[in-house]
Amino acid sequence: REVGALLARPGFGEAAWQQVLNTEWGGMNEVLYNLYAVTGNASHLRAGEWFNHFLWTAPLAIGVDDLDGSHGNAGGNHANTHIPEIIGSARGYELTSNRTQHDIARNFFDILNGSHTWSTGGSNDHEHWHAPHQLGDDLDGQTEESCTTYNVLKVARHLLQWTGDAHLGDFYERALLNGLVGNQNQHLNGDGGSFIYMLPLGGGGLRKPWSSAVNGNFPCCWGTLSETFAKLGDSVFFRAADDSALYVSLFVASSVVWGEGEGEGACEVTQATAFPLASDEDGSTTSLRVACDAGTAAASGWSLRIRVPAWATAGPNVILVDGKPVPGTLTPGFAT
């Protein structure tokens, strides 16, 4: 309502509002869509839709790469201004089935990872995207901002839940391990530890620029990194919408209670791993133990699906069930 009133003021219209959206406004559309999901109030949905920066998203909706700023921002688009909007578009699609919002999120992710992403899974230099397929020109000490990796992982999580595409799990694993897990140092600056704002990928003296997590400035990446290390269990397990399958997407020491009521009579799935290091002398990296109460509904009628990363299909990797190899060749995807 407030946004609508603002746009109706004399001398202020949609064009001016689009310029407002060219600033770093965070994930307001996602917030409003989530509020709508809780309240069912259509005004919250409409307010979320006002935060569609269509000067930027319209090309994405038809698969056009405008990350380099070629459609309005000379010098490149500011990455973390725009990624939160994509997260909001994904959430809007989930609540409204708006296909345009789906296409914006899907095309953005494909364009980003096809043309603007390093092998680490991270992107951007000095917080901006530049020309596609020219990332070597951007290698310096101001690459791969932590906030952007954090937010792209949220986009990947939405897409993985829509599609069940294991390649998205591969991306999530790569970007998480390379771009976030190593961005905290608990042994510097006392109890508060240290974070890094940027992950330097090029230039002289490649050292992580550690800064105190509690003293001095508190940039945006300190907030997202604090969240990152508070939710490392996020995206390890997923469940099928009809409860017919439990998906293991990340190799992380973890456990989940699974089954009707997720209490008494349910199954517990426990994952033991030291990945990416070998967890024991025979070189296996992950083991999964399923413990169910016999005779309960949770003990049958569902399957366990384990992500087979593309990197695991080369070499002597194998899946064992009760110590016996599963026949066949490993292929990327989710093995049942």
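**Exercise 1.** Does Arg239 count as buried, partly exposed or exposed, and at what relative accessibility?

*Solution.* The model is a predicted one, in which local features need pLDDT of at least 70 and side-chain atom pairs count only at pLDDT 80 or more, while totals for chains, interfaces and linings use all residues. Residues are numbered from 1 along each chain as its sequence is written, and side-chain values use heavy atoms, with hydrogens and water left out. Begin with the classes: buried means under 20% relative accessible area, exposed over 50%, and partly exposed in between (1.4 Å probe, protein chains only). Arg239 has 41% relative accessibility, so it counts as partly exposed.

**Exercise 2.** Find the salt-bridge partner of Arg239, and classify that partner.

*Solution.* A salt bridge is a side-chain nitrogen of Lys or Arg within 4 Å of a carboxyl oxygen of Asp or Glu. The side chain of Arg239 meets that of Asp243 in such a bridge, at 3.0 Å from N to O. Asp243 has a relative accessible area of 38%, and is therefore partly exposed.

**Exercise 3.** Describe the salt bridge between Glu30 and Lys154, and then classify both residues.

*Solution.* First, the closest N and O atoms of Glu30 and Lys154 are 3.8 Å apart. Next, Glu30 counts as buried because its relative accessibility is 15%, whereas Lys154, with a relative accessible area of 23%, is partly exposed.

**Exercise 4.** Which residues are linked with Lys231 in a network of salt bridges, and how many salt bridges does the whole structure hold?

*Solution.* The network links Lys231 with Arg157 and Asp234, and a search of the whole structure finds 9 salt bridges.
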